[in-house]
Amino acid sequence: MKRVFSGVKPTGHLTLGNYIGAMRRWVTVDQHQADALFCIVDLHALTVEHDPARVCRLSRQAGTLLLAAGLDPELCTVFVQSHVDEHARLSYLLECVATDGEMRRMIQYREKAALERGRGGSVRLSLLTYPVLMAADILAYGTDEVPVGDDQAQHVELTRDLAVRFNQRYGHAFVVPRATHPEVGARVMNLQDPTSKMGKSDDVGPGIVYLLDEPDVVRKKVMRAVTDSGQDVVYDREARPGVANLLEILAACTGGNPEGLSGVYESYGALKKDTAEAVIEVLRPVQQRHKELCTDPGYVEGVLRDGAERARAMARPTVDAAYRAIGL
Ligand code: ADP
């Protein structure tokens, strides 16, 4: 059975982008068709300014939301990254095969470093080495496939490079994984700025739909989405990014295709209205289950604890073998 690994960062509340771009596939496809692990990557949350208590709270909340979204601990492994030491152990070995040049070329690093500097802060070394830790997350499990949004494509490509390089230098230690992206909704954009992605790590904003937003809040955010001065609904990501984003969200939520849907609408208002309702319908069962799970935090804790145990047992042989291969 193929091995699938993916994760979310507890840097903010999970968004519609996380759901459409990644989580939904984990729930509907991956956990049924693969030996799948889903990780709350809390070590990655330390790469930027953070409040320790908030990271801890958001990790538990992400765990609850992953289960609410439909991950079933009987079918897959859900766990917290820092509970399994093998990630950090392997990350160091991979730092010994990665180069600083390839780290500095990473688009996310450049963007986030610029943001930190713009705020007058300094850039943590861990922000630079973040993709190496992500490579360790993936390679520790002999992962075949990494289902992620488009924004992670470059990091998975780097993971492949590091795996191949390590294998060539030190003997076969790692499976070389590949990224998979959803056909529709691989890059959900911010509703207020459709040229930038809807990212939970960004400041709370009216352009981001969170999985726990109440229906009225979703309606307000979608109805106020930035479009353009045109009238007709056409699907053109370059010239009409706002409208294209709404069409993609609607298509992702209803199972249609954005281009086909563009012919159905005669006004932006009608498109927004249907998009809002479609999002509300997708979020409704997740929110309902979330409410139920919140009454039993011990259950979620237990799932994460068991998940870490299972994950550790899977990762340890691979990481131990890599240590031996490199001469330790
Ligand atoms: P964020 O950028 O929200 O902090 P994470 O790094 O935690 O996201 O990513 C979790 C998963 O969600 C990844 O697979 C990522 O590619 C996906 N993802 C995040 N934002 C979006 C988006 N706006 N559109 C599509 N997929 C996304």
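The model is predicted: local features need pLDDT of at least 70, side-chain atom pairs count only at pLDDT 80 or more, and totals for chains, interfaces and linings use all residues. Residues are numbered from 1 along each chain as its sequence is written. Helices (H or I, at least four residues) and strands (E, at least two) are DSSP runs, numbered from the N terminus.

**Ligand shell**
- The ligand is surrounded by 21 residues, each with its C-beta atom, placed from the backbone, within 6 Å of it.
- G17, G21, A22, V148 and G149 are the closest.
- β1 (3-8) and α1 (16-33) each give at least two shell residues.
- α1 supplies the largest share, four residues.
- By class, the shell holds six nonpolar, 10 polar and five charged residues. Nonpolar covers Ala, Val, Leu, Ile, Met, Phe, Trp, Tyr, Cys and Pro; charged covers Asp, Glu, Lys and Arg; the others, Gly among them, are polar.

**Strand β2 and its partners**
- In β2 (residues 35-40), five of six residues are buried, that is, 20 or more other C-beta atoms lie within 10 Å of their own, with C-beta atoms placed from the backbone.
- β1 and β2 pair in parallel over six bridges; pairing takes at least two DSSP bridges.
- V8 has I40 of β2 as its bridge partner.
- β2 also runs parallel to β3 (residues 77-80), joined by four bridges.
- On that side, I40 stands opposite V80 of β3.

**Crossovers**
- β1, α1 and β2 form a right-handed β-α-β unit: with the strands pointing away from the viewer, the path from the first strand over the helix to the second runs clockwise.
- β2, α2 (residues 52-69) and β3 also form a right-handed β-α-β unit.

Key: Buried ≥ 20, exposed ≤ 12 C-beta atoms within 10 Å, placed from the backbone.
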